[in-house]
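Please look through the sequence and the model shown here. The report that follows takes up a sheet of strands and then some contacts of aromatic rings.

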Amino acid sequence: MPISRRTLLKGCSIAAAAYGTGLALPAARRAFADAPAELVAHEGSALLADGRPTDAVMTYGLGGAGDGVPPVLRMRKGEEFAARLVNRLQEPTTVHWHGLRIVNAMDGVPEMTQPYVYPGDGFDYRFTPPDAGTFWYHPHCNTLTQMGRGLTGVLVVEDPTDPVFDAEIVLNLRDFRLGGDGQFIAPFKPRDAARGGTFGTVRTTNWQKEPIYDAPAGGLVRVRIAATDVTRVYRLGLEGAGAMVVALDGDPLAAPFPLDLCDVGPGQRMDIVLRMPASEGMVATLSNVKGSAPWTVARFRAVGADAKRSLRDVGALPANPIPVADLKAAEIIPMEFTATAEHGARESICGSLGYTFWAINRVAWPGDTADGVAPLAELKLGKSYVFRVANRTPHAHPIHLHGMSFHIVASNQPRLLGHATDTILLQPDETADLALVADNPGAWMLHCHIIEHQKTGMSSYVTVT
């Protein structure tokens, strides 16, 4: 279908995260069942702003190493992955594998799918990813602090049948809230949490400001973008080169389309194939143009002789085995996302912001665990459903479903329809139909991925039995 600029702005709602890899792939690790990774959550320091290093940064290292950006973890579609989380933080934590349709016991939600991992303890994750694509990993405990201080990493699930590109670059996009001395300040402001969320003060890509990556002149480069920020919605545009969007939220598009401008919200991902400028030294620039002051996300510099590749060579990536709902037989389940002022927040071992501003179906999530709250819906295994989601607020909400993917099949606003995803950037006053097959047993969270909204009520869960 033809894609207009306006359709893209409404339909390319995806999360972007930044990991620069260039032609090599430092800090990447494939970890399979016969060679488990040791993923260590720990505190450290990093140079995030001009001046002195920032203290009390939280990050992941492999085998205890690494004080910088969390490593890119690599898996293979259909092959078992294994990793042991070692908690060297001073508080409990877990790992959620965002976007992966894996068994419920490995989903990383404390007290819903697994115990807390306390300081000094560990937890063994073992699962087989069924889908290839760009995903990410982060804690589901004290999320605003832990994610806000750095615990957001990109993971790549490879498909051996994927086309070979001239290079691959991974981008992890996120802010940090730092003061003038380069140290962390309060992670949120209540008045902003009750609106669109509190923005960071230092904008980074792979924990750097405006990084530049070299790639073959005239070559085709796969750029994997993940928005791991706790608040920011990006509007990404490219100058100095052309690109095709080949996947959204980890799932390949049946019909790739040219990149114009795409909105990418927290939790979403976008894969593009960039055709590098033909002459050595020329630069293509990826920018965020949302807001009054656009800025550079990353630059791509051409090196070497012209490879003379063409975007006409870019086709669809191999499809993932995501079930398609039977719309004629599907049960419709309404879900309304609203503001609330019904009750105060409850204390939780995984942290509370002390406020309740948001709700789903008039019920505000009381903390980090269900704590007596009934599920939004009780789904039957193998049955088709349509979640009819309605945003009754003046703010956008990136709504993320754990454990399953859905197809966006209808909306009252212009957007790209038909692709599979795990996160929809639900626009103000938008109503959309999300069609899915309840194919994964367990209790699965559904929440806004603006973490202040999640932590102040806009969170719940569904069950599949």
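In this predicted model, H407 stands opposite A435, a residue of strand β29. The strands concerned are β26, which covers residues 406-411, and β29, which covers residues 431-437, and the two pair in the antiparallel sense over 4 bridges. Both belong to an open sheet of 6 strands, whose order is β22-β21-β24-β29-β26-β27 and whose pairing is mixed. The edges of this sheet are formed by β22 (358-360) and β27 (420-421), each of which pairs on one side only.

Turning to the aromatic side chains, the structure holds 12 aromatic pairs. In one of these, the ring centres of F176 and F184 are 6.5 Å apart and the planes meet at 50°, so the pair is tilted, as an angle between 30 and 60 degrees requires. F176 has a relative accessible area of 0% and is therefore buried, while F184, at 18% relative accessibility, also counts as buried because the cut-off is under 20%. Elsewhere, ring pairs link Y60, F81, W97, F123, Y125, F127 and Y137 into a cluster.

Charged side chains also meet aromatic rings, and the table lists two such contacts, in each of which an arginine lies over the face of a ring.

| Charged residue | Ring | Distance from the ring centre |
|---|---|---|
| R174 | F176 | 4.2 Å |
| R203 | W295 | 3.9 Å |

How values were computed: Residues numbered from 1 in each chain as written. Predicted model: local features only at pLDDT ≥ 70, side-chain atom pairs only at ≥ 80, totals over all residues. Heavy atoms only, no water. Pairing = 2+ DSSP bridges. Phe/Tyr/Trp six-rings, centres within 6.5 Å; stacked < 30°, edge-to-face > 60°. Buried < 20%, exposed > 50% of the residue type's maximum accessible area, 1.4 Å probe, protein only. Lys NZ or Arg CZ within 6 Å of the ring centre and 35° of its normal.
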